[in-house]
Amino acid sequence: MTEAIWLVAAAMAAVLSMSWLALAYENHWQQVFPQTGTLPNRSRLKLTGWAFLLLSAVFCLNADHPSMAVLVWVMLLTVAAFSVAMMLSHRPGLLKMICPPLFAARA
Amino acid sequence: MLNSLRMSMGWVHTWMGLVLGFVLMICFFFGALSVFDREIDRWAIPDTRFEPQPMPSFDKVLKPVFEQLQPDPVDMAATERRVVGSLPDPETLKLESLFAYNTHRDPVLLIGGEFAIPNEPIDPADDHQHVHGRATVNPATGELLNDDALKIGSDWFYPMHFSLNLNWMMLGYWIVGLAALVMLAGLVSGVIIHRKIFREFFTFRPWKNLFRSSLDLHNMTGVVALPFHFFFAFTALVIFASNIYLPVTHTTLKPLHEHHEMLEAARTGLPHEPSGVAAPLASVDAMVAEAKRRWAERDMAGDVGFLTINHLGDENAYVSIYRAGSDRVALVGEGIHFDASTGEVIREEPPRSVVSSIDEFLTGLHLQHFEHWMLRWLYVFGGLLGAICIATGFVLFVEKRKARHARNGSQGSRIVDALAVTTVTGMVLAAVGMLVANRLLPADLAGKGQWEQTAFWSVWGLAFLHAALRSSPVAKARHNPAWREQSLLVGLMSLSAVGLNWVTTGDHLIKTVFTDTYWAVAGVDLSLIVTALVAFYAAAKLRAPVAAQQKEQAVSRNKQVNAYD
């Protein structure tokens, strides 16, 4: 059971990570926040994105043996990146929920 | 012409991708299905819809089953052609070695063995002097299952994935190997052509024109799943490298290989040859218990995945027991070998070397014996992303050229488009059509498996004919209506497969999900329903270009009519 919880956490961290990494690009930021104008703080978004990428790996390692965890992690990142791309093209509003206001503020 | 690296890479990517893309499409799609091959088997053979079971007692269940095992008639005929004189009556052949193989997903057990033959080989260098036998057993009852019931998942979709089921001269293996090699080249050349990898990592713009949006999807599915694509193409080559693609140990280095086998036998104490002195078989169950005790001592899960006996009935016979690899990436392992007549341990395999561990990891990650349902689904997703990548590649090829081909009167785009329809929607039709045939044909039909294979190839052939006949608009730079028509058919056939499963077996989704849960069958049914939904959605989306095309034609006809007025 705890294994399943770690895996769900890893999947969520992967989606959050990919969302922030995507939003760090001007064109994707514009898709989600058309009114905000220019991208507020690119490096903060990128840094948090990368941090969650690592966090996702840590969660995978908690769930499985390292040899298995590395496969789960890489595949989760693939699915997360694809999901974020699909959200951006079909329901960009969804990413507003994922993106807390902290990034919306100008640094 | 090809004056820059990117342009020359573009040429390689386009043409190699086109030619071998048709093969890769098959590898990806049937690979994705193979992740759940055992579950598809359960769907196709309703008699085996029971829970997976551990390796049964050898002494009580398997021993009598092995006594019934017969040499395979196809292998008998093939062996007869390689030896001097005719083979003895198959009933009289003696089993010289045997195996039983099981994974955590198998309700049924695969067993097999080699029967010794007395004949001399025609070619003295031919040392393959035995006939194989294979059978499937219900481990609960010890019954042999009907061989006519084709395991559609593990004996048809799975070999389709790596051999295209083209067994003549192992041609399919070689084509697939070449495709895997070209795929690696395609990944490298794709990365070189596509400069802005990270910038376009999340980019898909379905509102742009067909060429641009397909290119987005092609790049994105190629890049987000790049590690998956790379590792699966690479490990595919690793798996077959030593025994099929580069069999140096059985060709150039054969004497060295044989010498090494002798030395290894001497070192490990596992006899290389039989002694010729008969000896009885001690209790194998006691050996299994001892193996499990030793694994438990090392704090390892203790299910038997693979059991073999060599030199059966001889004084030099030995039993090898391997642990099932459900808890890690590597396959079976931690082998313990016993003297078959005394039951004493001859050898416990030491931990693997670094090189051997890497090899095990690479083959294991591809062959997936592990028990990890989430990773299995992630693999299915990776395989389908690969299929999308190749399908959009075909669309790009056609979209880029069809206007020019229409002007020049060339049929090139039309041919590629028809083949693309055949390998995308046509292939799904063939797979689903086989499942429909499986439910429509009576279970006791003689040669049922053969009929199912005929249905598979026939549906695929018809899909090709349909795609070719309907593709004439492509030569006029228009859209092929076959895409939409076959999508509709995929949807209808998938739903009818689910319905037929209900009617013929009584296993409907409410039962298999809620009241009498059986995920193997529920999973196949649910996947068929999802396939149907995706197919109907695609058909609805494809309606727009075809409808626009028809309107345009009507308008131009009216204009012509008006011109005459």
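Helices here are DSSP runs of H or I with at least four residues, and strands are DSSP runs of E with at least two. With that convention, I turn to chain A of this predicted model. Chain A has six helices and zero strands. Read from the N terminus, its elements run α-α-α-α-α-α.

Two further values describe chain A. Of its 107 residues, 47% are buried. Among its contacts with a separation of 6 or more, 68% are between residues 24 or more positions apart.

Let me move to the interface with chain B. On the chain A side, 27 residues are in contact with 29 residues of chain B. The size of an interface is often given as the accessible area lost when the parts come together. Between chain A and chain B, the buried area is about 2,400 Å², and carbon and sulfur atoms give 80% of that area. Which three residues supply more than any others of the area that chain A buries against chain B? They are A:Met68, A:Met75 and A:Phe82, which supply 25% of it.

Which elements of chain A give two or more residues to the side that touches chain B? These are α1, spanning 2–23, α2, spanning 26–32, and α4, spanning 66–90. The largest share comes from α4(A), with 18 residues. By class, the chain A side has 19 nonpolar residues, seven polar residues and one charged residue.

I now come to the sheet in chain B. Strands of a sheet pair through backbone hydrogen bonds, either parallel or antiparallel. In chain B, eight strands form an open sheet with antiparallel pairing, in the order β4-β3-β2-β1-β5-β6-β7-β8. Why do β4 and β8 of chain B each have one side left without a neighbour in the sheet? Both β4 (143–144) and β8 (345–348) stand at the edges with a single partner strand each, so one side of each is left without a neighbour there.

Strand β2 of chain B, residues 109–116, and strand β3 of chain B, residues 130–138, run antiparallel and are joined by eight bridges. B:Phe115 has B:Val131, in β3(B), as its bridge partner.

Conventions
Residues numbered from 1 in each chain as written. Chains lettered and ligands numbered in written order. Predicted model: local features only at pLDDT ≥ 70, side-chain atom pairs only at ≥ 80, totals over all residues. Heavy atoms only, no water. Contact = heavy atoms within 4.5 Å. Buried area = accessible area lost by both parts, 1.4 Å probe. Nonpolar A, V, L, I, M, F, W, Y, C, P; charged D, E, K, R; others polar. Pairing = 2+ DSSP bridges. Buried < 20%, exposed > 50% of the residue type's maximum accessible area, 1.4 Å probe, protein only.
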